Amino acid sequence: MASRSHRLRQDDKRYVWHPFTQMQDWLRERHPIIERGEGSTLIDVDGRRYLDGISSLWVTLHGHRKPAIDRSIRAQLSKVAHTTFLGLSHPTAIELAKALIRIAPAGLAKVFYSDNGATAVEIALKMAFQYWQQRGGSFRRKTRFIALEEAYHGDTLGAVSVGGIELFHQLYRPLLFPTWRIPSPYRAPWDRARRPDPVERLEALLRRQHDQVAGLVMEPLIQAAAGMLPSPPGFLKAVRSLCSQFNVLLILDEVATGFGRTGTMFACEQEGVTPDLLCLAKGITGGYLPLAVTLTTQEIFDGFRASYGEKKTFFHGHTYTANPLACAAALANLHCFQREQTLKLLQPKIALLRRELKSLRSLSHVGDIRQVGFMVGIELMQDRERGEPYPYEAKIGIRTILEARRRGLIIRPLGNVIVLMPPLSIASRDLSRMVRIVADSIVAATGG
Ligand SMILES: *Cc1c(COP(=O)(O)O)cnc(C)c1O
């Protein structure tokens with residue numbers, strides 16, 4: 001076994017380039033090679049077991065090797081693995097679309113399939129843009145988008161154009177379309193500077209420029225990849241109301257927040273908001289296969305209906321659009337929510353997680369603990385009284401998660417923020433164990 005694991009490690013270093021990874025570090029380090037999963041546990045090729053504290057990058061909901069999802073994929077596999085959605089249809093995608101519309105915020109009527117979060121956002125942007133072009137007249141001037149500072153919507157160029165994370169996005173500016181920005185609504189506890197109110201800024205911007213704005217795109221309730229930055233209550237509702245007032249389409253990116261992560265099926269439910277376009281991916285298949293959807297209203301759909309010769313078709317699609325195996329996983333995922341009352345069982349676990357996290361406040365380098373449902377960011381600070389961050393080169397987040405790994409927990413940081421996103425199905429004792437390991441790891445990495 002040891003020799004197999006050694007060979008795999010060598011071949012990984014020889015042939016593979018990993019995402020969001022400084023490969024020079026990677027080539028020097030030793031990382032687990034995960035071979036199996038069971039519930040909330042991942043098992044590597046050496047037989048070591050780890051708690052999956054980030055749901056395999058925010059996707060696993062009911063655990064790994066969930067029998068109902070495994071069965072649904074196998075049943076689909078015994079029929080057909082793939083058939084095109086261009087000019088044909090298939091029962092699993094039809095059933096899934098119907099099930100999604102049933103649970104989606106009222107007013108969303110149509111499902112457009114794709115296969116990852118960035119793409120779901122690209123599709124929403126293109127739909128919004130094309131919708132106004134086809135409305136014609138002065139609406140054709142509505143070509144621009146508004147996005148939030150610190151936003152993350154994926155890594156393809158359209159999604160990066162509306163992204164706002166310096167470190168990931170700045171370099172690519174010359175390749176991107178221009179976007180108007182409003183400030184992130186999150187305010188750090190140590191930040192006492194006077195800052196503009198984002199809702200006021202949005203209103204002022206829309207008053208001046210609404211006739212040029214096609215849509216506003218944002219992550220509702222919490223900006224996830226920015227380091228888990230929650231919005232104050234009422235922010236989403238205020239944005240919705242301004243978008244309606246100024247005839248701007250609201251695009252909600254619930255790629256991270258969708259499917260129970262914030263405690264409700266979709267985050268926007270918590271403020272009673274329906275977007276014009278809703279992007280979903282990550283948890284949609286329960287963490288099994290790549291699938292995404294962009295949901296929209298009858299009104300936008302009707303804006304693309306015309307005679308063939310008018311060329312109002314939505315000219316967008318991907319080879320694996322609505323892949324039947326992925327749709328079968330997604331359908332089984334939704335059934336699990338229903339049958340197992342996932343959201344109801346989740347509530348006491350969210351409360352337990354909140355209680356457990358309180359114990360971290362006494363650690364001297366924990367600056368802020370942010371939690372929305374089962375999404376947590378723990379920001380580490382060099383000096384929290386003076387609001388002094390750790391420098392980038394200190395790699396404090398990476399050092400902390402390596403300590404956690406030694407203690408049997410897999411997590412991944414966002415800069416100096418330790419992210420926790422356990423599977424919704426995690427057992428309470430594992431939830432407590434996870435927070436204990438995080439506490440020990442922070443102490444080991446920060447020295448106190
Ligand atoms: C992860 C994420 C994306 C990108 O999804 P991919 O499937 O990685 O392309 C987009 N938006 C948000 C809010 C995300 O968290």
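This is a predicted model: local features need pLDDT of at least 70, side-chain atom pairs count only at pLDDT 80 or more; totals for chains, interfaces and linings use all residues.
Two strands pair if DSSP finds at least two bridges between them.

**A four-strand sheet**

The sheet is open and has 4 strands, in the order S1-S2-S3-S16, with mixed pairing. Strand S1 (34-38) and S16 stand at the edges. Each has a single partner strand, so one side of each is left without a neighbour in the sheet. Strands of a sheet pair through backbone hydrogen bonds, either parallel or antiparallel.

Two of the pairings can be set side by side.

| Strand pair | Sense | Bridges | Facing residues |
|---|---|---|---|
| S3 and S16 (residues 409-410) | parallel | 2 bridges | leucine 51 and leucine 409 |

S2 and S3 form a hairpin, with 4 residues between them. Glycine 47 lies in the turn and has a positive phi of about 85 degrees. On the S16 side, aspartate 52 stands opposite isoleucine 410.

Helix H15 covers residues 428-446, 19 residues in total. From its first C-alpha to its last, H15 reaches 27 Å. That is close to the 27 Å expected at 1.5 Å a residue. An α-helix has 3.6 residues a turn, so residues three or four places apart point the same way. Just after H15 comes glycine 447, with a positive phi of about 80 degrees.

Helix H12 runs over residues 324-340. Its 17 residues should span 24 Å at 1.5 Å a residue, and its end C-alpha atoms are 24 Å apart, which agrees. How enclosed is H12 by the rest of the structure? Of its 17 residues, 13 are buried, so H12 is largely enclosed. At the start of H12, asparagine 323 makes a contact: one of its side-chain oxygens reaches to within 3.2 Å of the backbone nitrogen of leucine 325. Just after H12, glutamine 341 takes a positive phi of about 50 degrees.

**The second largest pocket**

Rolling a probe the size of a water molecule over the atoms shows where empty space is left. The second largest pocket holds about 490 Å³ of space. Its lining has 17 residues. Lys110, Val111, Phe112, Met127 and Phe301 lie nearest the centre of this pocket.

Which elements supply at least two residues each to the lining? They are strand S4 (108-114), strand S12 (292-297) and helix H11 (298-302). S4 gives the most, with 5 residues. By type, the lining divides into 11 nonpolar, 4 polar and 2 charged residues.

**A loop histidine**

Histidine 64 sits in the loop between helix H3 (55-58) and helix H4 (67-77). Is histidine 64 buried or exposed? Its relative accessibility is 15%. Buried means under 20%, so histidine 64 counts as buried. Glutamine 270 is 206 residues from histidine 64 along the chain. The C-alpha atoms of histidine 64 and glutamine 270 are separated by 28 Å.

Technical notes: Residues are numbered from 1 along each chain as its sequence is written. Side-chain values use heavy atoms; hydrogens and water are left out. On a 1 Å grid over the protein atoms alone, a cavity is a set of points where a 1.4 Å probe fits but cannot get out, and a pocket is an open set with protein on both sides within 12 Å along at least five of seven lines; lining residues have an atom within 4 Å of a point. Grid points are joined across faces, edges and corners, and a volume is the space filled by probe spheres set on the points. Ala, Val, Leu, Ile, Met, Phe, Trp, Tyr, Cys and Pro count as nonpolar, Asp, Glu, Lys and Arg as charged, and the others, Gly among them, as polar. The expected span of a helix is 1.5 Å times one less than its number of residues. Buried means under 20% relative accessible area, exposed over 50%, partly exposed in between (1.4 Å probe, protein chains only). A polar contact is a pair of N or O atoms within 3.5 Å; within protein, one must be able to donate a hydrogen and the other to accept it, and residues adjacent in sequence count only if both atoms are side-chain atoms.
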